[in-house]
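Me: I would like to go through this protein model step by step. Could you help me read it?

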Amino acid sequence: MTVRYVPTICPYCGCGCGIYLVVKDGRIIGEEPWKEHPVNEGKNCPKGKNAYHFLYSEERLKRPLVRKNGSFQETTWEEALGLIAERLKRAEPGSVGFINSGKLTNEDLYVIQKFARCVVKTNNMDNASRFCHSTTVPALTSTVGSGVMSTSEISVEKADCILLAGSNIKENYPMIARRIIRAKKRGAKVIVIDPRETITARFLADLYLQINPGSDVALINAMMKVILEEGLEDKEFIEKRTSGFEELKNYLASLDISELERITRVSFEDIREAARIYAKAKTSCILYNAGIAQHVAGVGNIQALADLALLTGNYGRPGTGVNPLRGHINGEGFGDMGPIPVFYPGFRPVNEETARLFEGYWGVEGLPSKPGLTYMDMVEKCKILYIIGANPLVSAPDTNRVKKMLEDKELLVVQDIFLTETAELADLVLPAASWVEKDGTITQVDRRVQRIGKAIEPPGEAKSDWKIFCELAASMGFEDKFRFNSPQEIFEEIRSCLLYTSDA
């Protein structure tokens with residue numbers, strides 16, 4: 001009997017909590033929190049305590065499936081990859097799209113985008129973040145220069161004021177909520193903005209602002225108007241580190257506070273109290289999530305939060321900033337690795353210069369230099385769709401329309417660990433390894449890069465996502481560009497690639 005404790009990262013959200021999987025004779029028999037891990041410090045939420053049970057479901061995919069005469073039949077990897085390769089070789093680059101998942105490792109994502117660009121010659125790649133934080137990037141890039149969390153989740157507890165906007169953090173991010181509770185114990189104040197009286201609003205808020213749905217910008221404008229009228233802005237920070245202040249000041253002066261009260265359904269007394277708490281605190285931190293990001297006015301909502309932080313000088317210090325909360329274990333890895341339509345790895349924008357740069361590094365010609373299609377555009381327009389770990393029939397809007405478009409594809413390939421609703425429509429289904437059946441790295445919500453360790457072997461003939469794409473590339477004549485034997489080798493190429501392109 002052999003018992004091992006394998007360190008890895010919980011797969012259920014972007015917090016990046018450390019766990020130990022207890023492995024006996026090649027099978028996971030239990031889980032224990034990683035006591036020395038800096039993120040969760042030996043604690044786990046209920047999701048983390050049960051992180052491994054799905055691995056032993058009888059519904060796990062174990063062998064490649066091909067649709068013949070209207071039903072699935074098991075096939076060999078050689079036949080499955082041969083069918084895909086044959087079809088991709090004949091396809092126009094613009095007719096092929098790749099949709100990937102936030103559960104994939106950085107190494108998986110890097111190989112997928114390299115395959116799409118080097119082999120298929122397309123930038124048609126995207127992921128489910130298109131539905132949650134696509135508003136974050138333009139909003140924060142246009143205001144503070146970067147669309148990522150600007151403090152660490154560990155530093156959240158250093159804040160004297162924590163503003164939660166559209167985030168039920170006690171249910172969705174229990175480990176970050178734990179740090180907020182710590183902050184409260186030393187005197188920090190918590191302001192919650194949410195139309196729903198969530199468990200977070202009931203048990204964490206010192207001040208709960210129950211706004212009318214869709215009135216977030218009006219509320220933040222009202223708070224900034226109070227801050228300016230009472231002289232609570234950080235004049236030195238504004239002068240040294242911002243631009244456009246006079247325009248904002250003049251706009252806020254033109255607003256009628258009683259009209260903002262009516263729009264938001266929040267009393268002036270509560271608006272004023274929220275403004276004073278946030279502006280007078282030594283360090284104020286804003287955390288937000290889908291409640292304001294997945295919104296028709298999502299960009300404006302987030303820009304208003306950024307203006308509030310800049311107006312009061314709450315940016316660039318631990319425990320401050322405007323911080324998006326990602327839902328996927330590797331939600332941040334998407335941008336870094338480049339499997340998206342507008343960026344190559346390292347956030348290099350898609351253009352002629354970038355394409356030539358990566359041609360030099362990868363040793364190929366003809367890399368695509370124009371932005372590719374986004375998620376729903378691919379679902380609608382691509383004749384061939386390759387879906388890795390994603391389930392559009394659950395995550396994408398307008399399910400009936402999505403189903404019809406998927407059914408009309410000339411070729412639909414789904415690579416996953418279960419026969420999902422989307423996989424049931426596929427022409428080919430490839431069995432993938434799950435998060436603890438392969439090695440790799442992930443980038444959690446606050447940009448911390450962590451390793452996930454392989455604990456067990458994948459079931460049946462299932463393979464790591466990166467390995468599947470390497471084998472597919474070899475079957476299409478690109479074996480020399482995808483000679484990876486391990487995630488470590490891929491990581492080394494990622495590292496050298498980012499160094500090469502950043503120095504160019």
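This is a predicted model: local features need pLDDT of at least 70, side-chain atom pairs count only at pLDDT 80 or more; totals for chains, interfaces and linings use all residues.

Me: Then is Phe343 buried or exposed, or something in between?
Reply: Phe343 has a relative accessible area of 22%, so it is partly exposed.

Me: And what about Phe347?
Reply: Phe347 has a relative accessibility of 37%, and therefore counts as partly exposed too.

Me: How are the rings of Phe343 and Phe347 arranged?
Reply: Their centres are 5.4 Å apart and their planes meet at 70°, so the pair is edge-to-face. The cut-off behind this is that planes over 60 degrees apart count as edge-to-face.

Me: What does the largest pocket look like in numbers?
Reply: About 790 Å³ of space lies in the largest pocket. Its lining consists of 30 residues, and those nearest the centre are Ser101, Lys103, Gly389, Ala390 and Asp416. Helix 18 (392-395) and strand 16 (411-416) each contribute at least two residues to the lining.

Me: How many residues of each class line the largest pocket?
Reply: The lining of the largest pocket has 15 nonpolar, 11 polar and 4 charged residues.

Me: Back to the rings. How many aromatic pairs are there?
Reply: The count comes to 14 aromatic pairs. In one of them, the rings of Phe115 and Phe469 have centres 5.3 Å apart and planes at 70°, so this pair is edge-to-face.

Me: Where in the chain are Phe115 and Phe469?
Reply: Phe115 belongs to helix 3 (residues 106-120) and Phe469 to helix 20 (residues 465-475). The pair therefore ties together parts that are 354 residues apart in sequence. Both Phe115 and Phe469 are buried.

Me: Which residues make up the aromatic cluster with Phe115 and Phe469?
Reply: The cluster is formed by Phe98, Phe115, Tyr386, Phe469 and Phe482.

Me: Which charged residue lies over the face of Phe482?
Reply: Lys114 does, at 5.1 Å from the ring centre. In another such case, Arg117 lies over the face of Tyr344, at 4.1 Å from the ring centre.

Me: Switching to charges now: how many salt bridges does the structure hold?
Reply: The structure holds 32 salt bridges. As a general point, side chains of opposite charge can pair when their charged atoms come close.

Me: What is the N to O distance between Asp108 and Lys438?
Reply: The side chains of Asp108 and Lys438 meet in a salt bridge at 2.6 Å, N to O. Asp108 lies in helix 3 and Lys438 in the loop between strand 17 (428-431) and strand 18 (440-443), so the pair ties together parts that are 330 residues apart in sequence. Asp108 and Lys438 are both buried.

Me: How far apart are the N and O atoms when Lys438 meets Asp465?
Reply: Asp465 and Lys438 form a salt bridge at 2.9 Å, N to O. Asp465 is in helix 20, 27 residues from Lys438 in the chain. Both Asp465 and Lys438 are buried.

Me: What is the partner of Glu41 in the salt bridge with a closest N and O distance of 3.5 Å?
Reply: The partner is Arg178. Glu41 and Arg178 also belong to a network of salt bridges with Glu157, Arg179 and Arg182.

Me: What is Glu41's phi?
Reply: Glu41 has a positive phi of about 50° although it is not a glycine. In general, most residues other than glycine have a negative phi. Glu41 is found in the loop between strand 3 and helix 1, and its relative accessibility of 31% makes it partly exposed.

Me: Where is Arg265 found?
Reply: Arg265 is in the loop between helix 11 (257-264) and helix 12 (268-280). Its phi is positive, about 65°, although Arg265 is not a glycine.

How values were computed
Residues are numbered from 1 along each chain as its sequence is written. Side-chain values use heavy atoms; hydrogens and water are left out. Rings of Phe, Tyr and Trp (its six-membered ring) pair if their centres lie within 6.5 Å; planes under 30 degrees apart count as stacked, over 60 as edge-to-face and the rest as tilted. Helices (H or I, at least four residues) and strands (E, at least two) are DSSP runs, numbered from the N terminus. Buried means under 20% relative accessible area, exposed over 50%, partly exposed in between (1.4 Å probe, protein chains only). A charge sits over a ring if NZ of Lys or CZ of Arg is within 6 Å of the ring centre and within 35 degrees of the ring normal. On a 1 Å grid over the protein atoms alone, a cavity is a set of points where a 1.4 Å probe fits but cannot get out, and a pocket is an open set with protein on both sides within 12 Å along at least five of seven lines; lining residues have an atom within 4 Å of a point. Grid points are joined across faces, edges and corners, and a volume is the space filled by probe spheres set on the points. Ala, Val, Leu, Ile, Met, Phe, Trp, Tyr, Cys and Pro count as nonpolar, Asp, Glu, Lys and Arg as charged, and the others, Gly among them, as polar. A salt bridge is a side-chain nitrogen of Lys or Arg within 4 Å of a carboxyl oxygen of Asp or Glu.
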